[in-house]
Amino acid sequence: MKSKLINFEYFPAIESDTYNRITHDIALAASSGYTSVIGLLLADGFLYKHNDIWNTLHNKIVSYSNSIGIDITIVSGMSHDNAVNCKTIPFDFYLHTVWNSYKDTSLEPYNPNTGKFLFLGGVPDRPNRIGLLYTLYNEGLLTNAEWSFFPPWTLGQKENCLQYFPSTKHYYDFVKFAERKVDELYDSSKTYGTGETPIGTDWTNDSAWINPAIYASTSLSIISEGHPGDDNNNSKFLTEKIFRVFVQGHPFLLAANPTIFNYIKELGFKTFEDYFPIKDYATDAPEQVRLEKLVENLKYFIKNGIDCVQDVEHNKQHFYKLANANEKILDTLAATKEEIDFYFNRKGFGHLL
């Protein structure tokens, strides 16, 4: 008999509600004759390396399942270095969603001669988001940029953003200037997660998509990923922001945790630091020093350009190689095609919310 696929994601992360919902679904599977369940943690699952609350919760679920004769396997869509008492199968969910979004799209070849860079924002109140964008503004570098910026939409975000400005007037003037969208779909992502429970939107159903024309009109991406000072995260995972530059064919400067930068190398992608004068910009510490070095490398790009066509093409081909290998993991899951298609073969994660 096929295994039953069950969504183990939890939004919000209330332990009792999560336990009750998942064990209820497992009990239904058992009553239908299933003896094995594949638990899916695709969007946010296995994010934290040392999270005793998470591990305890899921080990309770595994223990309950075993007590009623159900064998559990967990498919993790991000990092998977956790202490859970069952078999786990790593599956790169964000790699797969980016591949699904672009695999049938004709993309323009890389143009190294635009003299412009792309900086896609997100949750604004981070040093590598509003702090970095404000620095680029003060340095006069945004005249060479396409960018998106979402103003804070919660009081907490606003308070965090204010710390990067000498006065509230500077803050309001900058926000008025900087608010900008690159396309309608990405713009709709700006309020994701602001409610008590995230909800599915057009963006969550195609979270990897950015209009390819935006990449064709620029020659470099600044990628602001996560919060570069967060040491609690297991950073050996990549999200759509990084995978997207591979398939779109962009070199990049990375504003992120150094572990993420090193993991990109570990996966076999080119990271472009050798084209810039400050080669340790992504791995030096502390965070502010990394961002200052990134800005200096960006100035070099604007003044001189970089010739990295071969490495751009390597990353694109390597992305598709990894995407094809990643897709083959789905063939190993003993589940129905209908369930595989529903949970995995999507362009986003809205169906998991």
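Biologist: Is Phe272 buried or exposed?

Modeller: Phe272 has a relative accessible area of 3%. Buried means under 20% relative accessible area, exposed over 50%, and partly exposed in between (1.4 Å probe, protein chains only). Phe272 is therefore buried.

Biologist: What kind of model is this?

Modeller: Residues are numbered from 1 along each chain as its sequence is written, and side-chain values use heavy atoms, with hydrogens and water left out. Local features need pLDDT of at least 70, side-chain atom pairs count only at pLDDT 80 or more, and totals for chains, interfaces and linings use all residues, as this model is predicted.

Biologist: What is the phi of Phe272?

Modeller: Phe272 sits in the loop between α10 and α11. Helices (H or I, at least four residues) and strands (E, at least two) are DSSP runs, numbered from the N terminus. Most residues other than glycine have a negative phi. Phe272 is not a glycine, yet its phi is positive, at about 75°.

Biologist: Which peptide bond is cis, with omega near 0°?

Modeller: Most peptide bonds are trans. Pro286 lies in the loop between α10 (258-266) and α11 (287-304). The cis bond is the one from Ala285 to Pro286.

Biologist: What is the relative accessibility of Ile222?

Modeller: Ile222 belongs to strand β7 (residues 221-224). Beyond its neighbours within four places in sequence, Ile222 has contacts (heavy atoms within 4.5 Å) that include Phe117, Leu118, Leu136 and Leu294. Ile222 counts as buried, with a relative accessibility of 3%.

Biologist: What span is expected for helix α12 (residues 309-328)?

Modeller: The expected span of a helix is 1.5 Å times one less than its number of residues. Helix α12 has 20 residues and reaches 29 Å from its first C-alpha to its last. That reach is close to the expected 28 Å.

Biologist: What covers the buried residues of α12?

Modeller: The buried residues of α12 include Asp311, Asn315, Lys316 and Phe319. Of these, Asn315, Lys316 and Phe319 are in contact with Phe246. Among the elements covering the buried residues of α12 are α3, α9 (240-248) and β8 (252-255).

Biologist: How far from Asp125 is the nearest side chain of opposite charge?

Modeller: Asp125 lies in the loop between β5 (117-120) and α4 (127-138). Lys and Arg count as positive and Asp and Glu as negative, while His and the chain ends are not counted. A salt bridge is a side-chain nitrogen of Lys or Arg within 4 Å of a carboxyl oxygen of Asp or Glu. Asp125 is buried without a salt bridge, and the nearest side chain of opposite charge, Arg126, is away by 5.1 Å.

Biologist: Which side chain does Asp125 join in a polar contact of 2.9 Å?

Modeller: A polar contact is a pair of N or O atoms within 3.5 Å; within protein, one must be able to donate a hydrogen and the other to accept it, and residues adjacent in sequence count only if both atoms are side-chain atoms. The side chain that makes the polar contact with Asp125 is that of Asn160.

Biologist: How many residues apart are Lys4 and Glu339?

Modeller: Their side chains meet in a salt bridge (3.0 Å, N to O). Lys4 is partly exposed at 27%, whereas Glu339 is buried at 14%. Lys4 is in strand β1 (residues 4-7) and Glu339 in helix α13 (residues 337-343), so the pair links distant parts of the chain, and the separation in residues is 335.

Biologist: How many salt bridges does the count come to?

Modeller: One of the pairs is Glu273 with Lys265, with 2.6 Å between the closest N and O atoms. Lys116, Glu146 and Arg180 are linked in a network. The count of salt bridges comes to 13.
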